[in-house]
Amino acid sequence: MAANAKTQKRPGAQAPQKRPRRAVIEGVQPEIDCGRFPAKRVAGDLVAIEADIFTDGHDALAAVLRYRAPGDDDWQETPFQPLVNDRWRATFRPAELGQWHYTIQAWVDDVRTWRRDFEKRAAAGVVEAIDLQIGSELIQAAAGRASGPESEQLRRWADDLRGNLPLAERTVAALDPEMAALAERFPDRSQATDYGKELTLVVDRERARYSSWYELFPRSTGEHGQHGTFRSVEKRLPYIAGMGFDVLYLPPIHPIGASHRKGRNNALVAEPGEPGSPWAIGGEAGGHRAINPELGTVDDLRHLIQAAAGYGVELALDIAFQASPNHPYVQEHPTWFRRRPDGTIQYAENPPKKYEDIYPFEFASGEWRELWQELLGVVHYWIEQGVRIFRVDNPHTKPFAFWQWLIDALKAEHPEVIFLSEAFTRPKVMYRLAKLGFDQSYTYFAWRNAKWELIEYFTELTRTEVVEYFRPNLWPNTPDILTEQLQTGLRPVFLMRLILAATLSASYGIYGPAFELLEHQPRTPGSEEYLNSEKYQIRQWDLTRPESIADFIGLVNRIRRDNPALQANRSLRFHPIDNDQLIAYSKVSADGRNVVLTIVNLDPHYPESGWIDLDLSALGLRPDQSFSVVDLLTGEQFFWHGAHNFVMLNPQVLPAHVLAVRTQARDERDFEYYL
């Protein structure tokens with residue numbers, strides 16, 4: 001080859017058209033399903049965003065979290081701080097309800113790189129004039145990106161670095177931390193890496209995270225066998241508020257169909273005068289926008305909402321998107337229902353169970369758009385009446401796309417609205433509904449009895465990505481769920497399940513008065529249905545029965561109210577204890593001031609004892625620290641030292657300790673706090 005031959009271009013890849021970005025952003029958390037769904041928080045929460053941020057070589061990096069409020073086009077920024085192993089964290093505190101957006105930007109920071117290396121050279125005594133010249137040029141460039149007094153200040157600093165002063169004095173000037181901090185405020189971000197996604201965060205009001213629900217059939221609040229009304233429910237409010245509940249949930253309040261009406265104990269044929277199931281919605285008096293006339297009027301409902309608010313209680317209504325054969329929709333919109341080959345409408349089934357009194361909607365009918373708009377209008381109507389919390393019946397039997405569309409539309413206008421998903425189904429389906437927008441969800445808690453089951457399940461709910469979008473609401477019982485354990489009728493069982501529900505989760509509920517009165521008779525052996533279920537008949541409840549645990553429920557709810565640690569789930573930690581009938585777990589408030597340790601005897605028959613090995617770091621304690629624990633249920637105080645401590649619980653007395661962990665330093669800090 002001739003010496004002056006032209007260099008031949010290698011065929012194939014061409015050089016990038018743009019200068020490559022060197023910073024890498026990976027492993028962002030929270031990021032739900034690659035950013036398709038939002039994470040969830042409550043207004044005022046300190047939101048932590050973490051990511052792996054790194055680059056090639058040894059240059060220093062900088063990164064910012066960019067976030068914006070609902071309806072805001074302008075980004076706010078806060079810097080990331082390095083943790084370990086290229087992991088970074090930034091925080092912000094959203095105050096406004098609605099959907100927030102966030103993303104990340106990172107870049108190689110020449111000023112930080114120079115400053116870091118210069119400090120090393122200065123410490124080793126090997127600074128040269130060229131090092132100061134390099135710094136001067138970088139500071140001069142930063143001055144060009146600044147303005148006003150800050151730009152002038154940076155220019156003077158750059159002049160000092162390249163001036164005629166002795167090298168030692170210029171070195172001191174170069175190490176000025178205030179100047180370095182000022183220069184870092186005006187970095188060169190022309191080659192910054194953008195994460196490439198705008199992630200979302202739904203910010204709800206506090207009740208979406210922390211709530212205590214009480215389910216009540218209004219028709220069973222009347223006196224002397226009479227049908228209850230909204231006015232008679234008002235008379236029950238002092239009792240409900242006295243137990244410390246802040247959400248009163250009413251099953252469907254609409255007219256009930258007469259065709260195929262179910263009778264007492266789910267009999268296929270109702271006797272004259274039997275009220276039927278409230279979930280068979282629709283009759284001569286109307287459908288989903290109407291109220292059962294026996295309960296009262298819309299004005300009575302509004303009055304109940306206002307009266308409940310006076311007790312600090314919110315009203316929650318049931319949303320059940322299904323119809324009785326007598327619903328006006330059946331005649332007015334026959335295409336909204338599925339037809340069988342013989343021309344009849346398909347009723348609801350869960351083989352072998354049949355629900356001839358209920359017609360499901362056909363969400364994929366030819367007129368699906370009209371159906372969806374109508375159902376959206378139904379929820380809008382009850383919001384207009386003052387309702388802000390809805391328990392949704394069987395959402396897993398309706399299309400995911402429908403719920404995402406409906407909840408997004410409603411929350412865009414009413415971000416304060418809360419939806420509880422009643423979906424006892426497969427885990428992935430339950431989680432999908434939560435991702436789509438349901439604020440709270442029923443769980444498998446009612447059927448988790450063994451220690452290993454509880455630990456495994458609640459570790460999944462609180463220590464995996466699930467915690468970012470799924471808020472559990474624990475119910476020991478419902479009108480449809482009388483578990484085998486509750487069927488024993490043992491008082492220790494009811495106390496134990498109550499304490500587990502109220503302390504494992506920030507939100508829980510009971511179906512009453514059945515629960516506090518220890519109702520436990522099943523309809524048939526092996527069934528989870530109540531004998532003489534309120535779903536099919538009016539019940540009269542004697543709230544003064546001596547076996548009532550209403551006072552104990554009130555105590556537990558006061559403990560929840562007074563201890564912020566119990567009002568969230570992220571800090572839940574289980575502690576080993578050498579007895580499979582004893583389970584121990586703790587929660588810590590966000591500010592670290594409030595620490596609650598709960599120990600429960602899962603055996604309702606016999607006293608159980610064991611040695612607990614506390615994770616002291618999870619409790620904010622040192623290994624050698626002495627501390628006291630005060631049982632908030634009884635007022636007893638115990639003095640402990642270190643991780644290894646003895647406990648014993650007799651279920652015939654109380655099946656649990658709910659212990660406030662106290663140290664001298666924490667008590668003094670709390671005293672100052674309350675002052």
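**Rings, helices and backbone features of the predicted model**

The charged end of Arg 68 is placed over the ring of Trp 75, at 4.5 Å from the ring centre.

For a view of the whole, the protein contains 15 helices and 30 strands. Its C-alpha trace spans about 105 × 70 × 55 Å along the principal axes. Of the 675 residues in the protein, 55% are buried. Contacts also reach across the sequence: of those between residues at least 6 apart, 75% join residues that are at least 24 apart.

The structure holds 40 aromatic pairs. One of them is formed by Phe 337 and Tyr 359, whose ring centres lie 6.2 Å apart with the planes at 65°, so the pair is edge-to-face. Phe 337 belongs to the loop between α8 (328–332) and β15 (348–350), while Tyr 359 belongs to strand β17 (residues 359–360), so the pair ties together parts that are 22 residues apart in sequence. Phe 337 has a relative accessibility of 3% and therefore counts as buried. Tyr 359, with a relative accessible area of 14%, is buried because the cut-off is under 20%.

Phe 419 and Phe 438 form another such pair. Their ring centres are 6.4 Å apart and their planes stand at 80°, so this pair is edge-to-face. Phe 419 is part of strand β19 (residues 418–422) and Phe 438 is in the loop between α11 (427–436) and β20 (440–441), so parts 19 residues apart in sequence are tied together. Phe 419 and Phe 438 are both buried.

Helix packing is illustrated by α6 and α7. Two packed helices are described by the angle between their axes and by the distance between those axes. The axes of helix α6 (residues 230–242) and helix α7 (residues 298–310) come within 9 Å and cross at roughly 5°. Angles under 35 degrees count as roughly parallel, and α6 and α7 are therefore roughly parallel to each other. On the α6 side, the residues in contact are Phe 230, Arg 231, Val 233, Glu 234 and Leu 237; on the α7 side they are Asp 300, Leu 301, His 303, Leu 304, Ala 307 and Ala 308. Sorted by class, this contact of α6 with α7 has 7 nonpolar, 1 polar and 3 charged residues.

The backbone, too, has some details to look for. Most residues other than glycine have a negative phi, and most peptide bonds are trans. Gln 29 and Pro 30, however, are joined by a cis peptide bond, with omega about -5°. Pro 30 is found in the loop between β1 (24–29) and β2 (39–42). The bond from Gly 512 to Pro 513 is also cis, with omega near -5°, and Pro 513 is in the loop between β22 (507–511) and α14 (550–562).

That loop between β22 and α14 also holds Asn 532. Phi of Asn 532 is near 60°, a positive value in a residue other than glycine, and Asn 532 is buried, with a relative accessible area of 18%. Asn 265 likewise has a positive phi, near 55°. Asn 265 is placed in the loop between β12 (247–250) and α7, and its relative accessible area of 19% makes this residue buried.

Methods:
Residues are numbered from 1 along each chain as its sequence is written. This is a predicted model: local features need pLDDT of at least 70, side-chain atom pairs count only at pLDDT 80 or more; totals for chains, interfaces and linings use all residues. Side-chain values use heavy atoms; hydrogens and water are left out. Axes are lines fitted to C-alpha atoms, for helices over the stretch in contact, and angles run from 0 to 180 degrees between N-to-C directions. Helices (H or I, at least four residues) and strands (E, at least two) are DSSP runs, numbered from the N terminus. Angles under 35 degrees count as roughly parallel, over 145 as roughly antiparallel, 65 to 115 as roughly perpendicular and the rest as oblique. Contact means heavy atoms within 4.5 Å. Ala, Val, Leu, Ile, Met, Phe, Trp, Tyr, Cys and Pro count as nonpolar, Asp, Glu, Lys and Arg as charged, and the others, Gly among them, as polar. Rings of Phe, Tyr and Trp (its six-membered ring) pair if their centres lie within 6.5 Å; planes under 30 degrees apart count as stacked, over 60 as edge-to-face and the rest as tilted. Buried means under 20% relative accessible area, exposed over 50%, partly exposed in between (1.4 Å probe, protein chains only). A charge sits over a ring if NZ of Lys or CZ of Arg is within 6 Å of the ring centre and within 35 degrees of the ring normal.
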